[in-house]
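Here is my note on this chain, in numbered points. Keep the sequence and the 3D view open as you read.

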Amino acid sequence: MAGLKTIIALSFVLAIGFLLVILSSALFNNYFPLLVVANYVLTPLPNVICARASASYSSFMSLGSDSDGAGIIDFGRFLTGFLVVTGIALPGVLAHSGIITIPAMIMAAVGGLLIYGTVICFEMFFAEEEDVGF
């Protein structure tokens, strides 16, 4: 069970991640690295939408097996993984095309990794245990 120290540590790392992304834009007078923030907003949406669609599909098709909506859930995870990779790779693409500088790319990529890592750790520490009942 995670406690208050875990919440404080994760909040600190999350704040550093956002600070790096904002500084990658502000220090180099180029606000294209803030496009990565759009990925932070869009990343959880496929999981939420596909989980909702899977739940409504399972309740609609109540005579099937346990894996009725597994394809929908897997598709949501695939899209989420695609958005995570896009959020990490976008600063590299912007730097390669000359739109942002290399230090801005490094700061934005490290900030993105810290933010995604924090979200994963938060989910791991505070995940509700599934009720296994027959």
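1. Start with the buried side of helix α5. Its buried residues are A104, M107, A108, A109, G111, G112, I115, Y116 and T118. Buried means under 20% relative accessible area, exposed means over 50%, and partly exposed lies in between, with a 1.4 Å probe and protein chains only. An α-helix has 3.6 residues a turn, so residues three or four places apart point the same way. The cover over the buried residues of α5 includes α1 (4–26), α2 (35–42) and α4 (70–96).

2. A word on the source. This is a predicted model: local features need pLDDT of at least 70, side-chain atom pairs count only at pLDDT 80 or more, and totals for chains, interfaces and linings use all residues. Residues are numbered from 1 along each chain as its sequence is written, and side-chain values use heavy atoms, with hydrogens and water left out.

3. How long is α5? Helix α5 runs over residues 102–126 and has 25 residues. From first C-alpha to last it reaches 36 Å, close to the 36 Å expected at 1.5 Å a residue. The expected span is 1.5 Å times one less than the number of residues. Helices (H or I, at least four residues) and strands (E, at least two) are DSSP runs, numbered from the N terminus.

4. Now the whole chain. There are five helices and zero strands. Along the sequence the pattern reads α-α-α-α-α. Of the 134 residues in the chain, 25% are buried. The accessible surface comes to about 9,200 Å², and 73% of it belongs to carbon and sulfur atoms. Such areas come from the Shrake-Rupley method with a 1.4 Å probe; for residues, only the protein chains shown count as cover.

5. Look at contacts along the sequence. Contact means heavy atoms within 4.5 Å. Take the contacts in the chain between residues at least 6 apart in sequence: 70% of them join residues at least 24 apart. V110 and L20 give a pair to find in the view: they are 90 residues apart in sequence and 7.5 Å apart in space, C-alpha to C-alpha. V110 sits in helix α5. V110 counts as partly exposed, at 36% relative accessibility.

6. Turn to α1. This helix has 23 residues. From first C-alpha to last, α1 reaches 32 Å, close to the 33 Å expected at 1.5 Å a residue. Its buried residues are L10, G17, V21, S24 and S25. Which helices do the buried residues of α1 pack against? They pack against α2 and α5.

7. Next, the loop between α1 and α2. N29 lies in this loop. N29 has a positive phi of about 50°, although it is not a glycine. N29 counts as exposed, at 66% relative accessibility. Y31 is also found in the loop between α1 and α2. Y31 is exposed too, with a relative accessible area of 53%.

8. Y31 belongs to a surface patch. F18, I22, Y31 and L34 make a nonpolar patch of about 380 Å². Patches are made of residues with over 30% relative accessible area and no salt bridge; like charges are joined within 9 Å, and nonpolar side chains (Val, Leu, Ile, Met, Phe, Trp, Tyr) within 5 Å. A salt bridge is a side-chain nitrogen of Lys or Arg within 4 Å of a carboxyl oxygen of Asp or Glu.

9. G76 lies in helix α4. Is G76 buried or exposed? G76 counts as buried, because its relative accessibility is 0%. Leaving aside neighbours within four places in sequence, G76 is in contact with P46, N47 and C50. The C-alpha atoms of G76 and N47 are separated by 4.8 Å, though the two are 29 residues apart along the chain. A95 also lies in α4. A95 counts as buried, at 11% relative accessibility.

10. Last, the record. The unreviewed UniProt entry annotates "transmembrane region" at residues 7–28, 75–94 and 100–126. Positions are given in the numbering used here, feature names are shortened, and annotations may be inferred rather than shown by experiment. In the model, residues 75–94 are 100% helix and 0% strand, with end C-alpha atoms 28 Å apart. Residues 100–126 are 93% helix and 0% strand, with end C-alpha atoms 37 Å apart.
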